[in-house]
Amino acid sequence: MFRKLAAMSDYAVEALDIVRTFKDGEVRALDGVTLRVARGEVFGLLGPNGSGKTTMIRILSTILKPTSGTATVNGIDVVKHPDAVRRSIGLAGQYATVDENLTGFENLRMIGLLNHMDKSLVVKRAHELLEQFGLSDAANRTTKTYSGGMRRRLDLGAALVASPPLLFLDEPTTGLDPQSRQDLWAIIEGLVEGGVTVLLTTQYLEEADRLAKQLVVLDHGKIIAEGTSQELKTRLGNTVLSVTFANTDDASRGVELIRELSPTPAIIEGTVVDLTVDRGPAVAADVLRRLDGAGITLAGLALREPSLDDVFLNLTGHKAEDITEFLADEAPAGRRGRKART
Amino acid sequence: MSLTTAPTLTPSKSNRSSLRWALSDVLTIARRNLLALVRIPTSLVFAVIQPVMFVLLFRYIFGGVIHIPGVDYVNFLIPGILVQTTIFGAVGTAIGLAEDLQRGLIERFRALPMARMAVLGGRTVADLARNVGVVIIITFVGMAVGFRPTGSFVSYIQACLLMLVFAYCISWGFAFVGLAAPNSETAQAMTFPLIFPLTFASSIFVNVPSMPGWLQPFAINQPVSQCATAVRGLMLGSPHGASTWITLAWSIGAIAILAPLATAQYRKVA
């Protein structure tokens, strides 16, 4: 059955010109997105809330149908053969959808049985995963009592019960504390070493950088940049030099003296000017010399890693806004946007 | 190409095995819902304590002023309360589905290779199982407060089966409500305007002729009254006309309309 359905494809995911509209076409959550995920790689969809990341995952995991465009997952068409696709994927959602009234073990067993696995195999696999994710001690507690990090790990475990070759992770660490985030990253890296293909969405450049080899940046349903994280960083410059002037007069005078030092446009907000530069310390020294020469004193000078905000400012010229209203449209029947994140 | 891992996951399926899997999925979901029922104190209170309160309320507080010709009020009351309780169970159907939807669990189910109808099937079957338990409990509570069914044991069982079938068919309408509501609180609120007229403007607690004239045609003919009349007749061994057949007809009609409606709503929202 699989052989018949599976087209000749080297890609774990191949999505061509996907469009998805909501509200009778008023909202274009995805506006012609094409992406190809090679087998065995970690592919990152980077973008702010409302950029269309979750919509893309929902289409690829057969929860939602595209308005137009085609997509194959493991070589199988997501619209024509959704059931076959479902048998070959694991999905861990943004909201850690485990059943609160079941124990950790019961959650995994339920997902295994619904994947139509053999009963004895399900039990074995559930214990294996609980052990692997450090949840053995909590296996027989209802997940109501779990911390946010434990829920995410169980959620990831649930996605892995049937040992799918492809995993969709929708913002796997959003809302987690730094330690839980590190733990989850290590787990995901372990899975990838084991040969699993991962398509993940994230709002964090740091996360994309650490996990994903190949990245696509989404904004308003369109791809605005793609490449390896190194390529994107080079394009952005490696460092942000943030110069704080004493007043706006100094800022407007000073920016003329230093803007040519940055390969990308300087970003001015009040008395703060951000330059994206390749060799931070050398440029910083240059900035100080130039401004000192013009008699301008600085209130502050800082070098930092580019954040997602910087990526967006550089690529789009606007900030990565948190478009919560739009997020609500994207969620099923506008429900999930209201749910507090764990 | 190199689909080395995917084909080993699941064997191809014949129609017969897919029916078997669909049943297995329904049972898996039903079991999960029943586990939740016993673990959430409020749902147990709703399922068991509330009908017991109704029994005590009408037996000892209102019962003294209600006179039904030719029958002890407690014998009139308990069959009615049993019907009311099984219908009230459908509120749980609505709330449960609204909660699953709200929490994103249904989203997860939709990405699994399980039978589509299992979420609704599993929910309604779990609520049916709960109703079986509640009918047994209320029967014994009723007997403790003086209920003495005068019909045969076989017709008592028939009465129980009739109301369970009727409540099951009606519960699909409440499944629709649960899936149409934006959250579980609203789902619960939405069920009351449906459930109150059906259970209180009925022959469950009082004789319909004691109601105002304009209400009587509705109160006599509406399906819950027909069910109560049939159940009471079977349990007490008294004449109940064609009410059994009318109840069965309502049941078939209800599920024929409500199940497709709920299924369509499930496709739409999930």
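Which strands of chain A does helix H2 lie across? Helix H2 (residues 53-60) of chain A lies across S1, S2 and S4, running at about 120° to S1(A). Angles run from 0 to 180 degrees between N-to-C directions, and axes are lines fitted to C-alpha atoms, for helices over the stretch in contact. Helices (H or I, at least four residues) and strands (E, at least two) are DSSP runs, numbered from the N terminus.

This is a predicted model, in which local features need pLDDT of at least 70, side-chain atom pairs count only at pLDDT 80 or more, and totals for chains, interfaces and linings use all residues. Residues are numbered from 1 along each chain as its sequence is written, while chains are lettered from A and ligands numbered from 1 in the order in which they are written.

Start with the sheet. In chain A, four strands form an open sheet in the order S2-S1-S4-S5, with antiparallel pairing. Two strands pair if DSSP finds at least two bridges between them. The edge strands are S2 (27-38) and S5 (76-77) of chain A, and each pairs on one side only. S1 (residues 11-22) and S4 (residues 68-73) of chain A run antiparallel and are joined by five bridges. Glu14(A) stands opposite Thr72(A) in S4(A).

Now return to the helix. Ile59(A) lies in helix H2 of chain A. Is Ile59(A) buried or exposed? Ile59(A) is buried, because 25 other C-beta atoms lie within 10 Å. The cut-offs are 20 or more such atoms for buried, 12 or fewer for exposed, and partly exposed in between, with C-beta atoms placed from the backbone. Leaving aside neighbours within four places in sequence, Ile59(A) is in contact with residues including Ile18(A), Arg20(A) and Ala71(A). Contact requires C-beta atoms, placed from the backbone, within 7 Å. Ile59(A) and Ile18(A) are 41 residues apart in sequence and 9.0 Å apart in space, C-alpha to C-alpha.

Step back to the whole chain. Chain A has 13 helices and 14 strands. Of its 342 residues, 49% count as buried. Among contacts in chain A between residues at least 6 apart in sequence, 69% join residues at least 24 apart.

Finally, look at chain B. Helix H9 (residues 223-236) and helix H10 (residues 243-269) of chain B pack at an angle of about 135°, with their axes 8 Å apart. That makes H9(B) oblique to H10(B). Angles under 35 degrees count as roughly parallel, over 145 as roughly antiparallel, 65 to 115 as roughly perpendicular and the rest as oblique.

Terms used:
Two residues are in contact if their C-beta atoms, placed from the backbone, lie within 7 Å.
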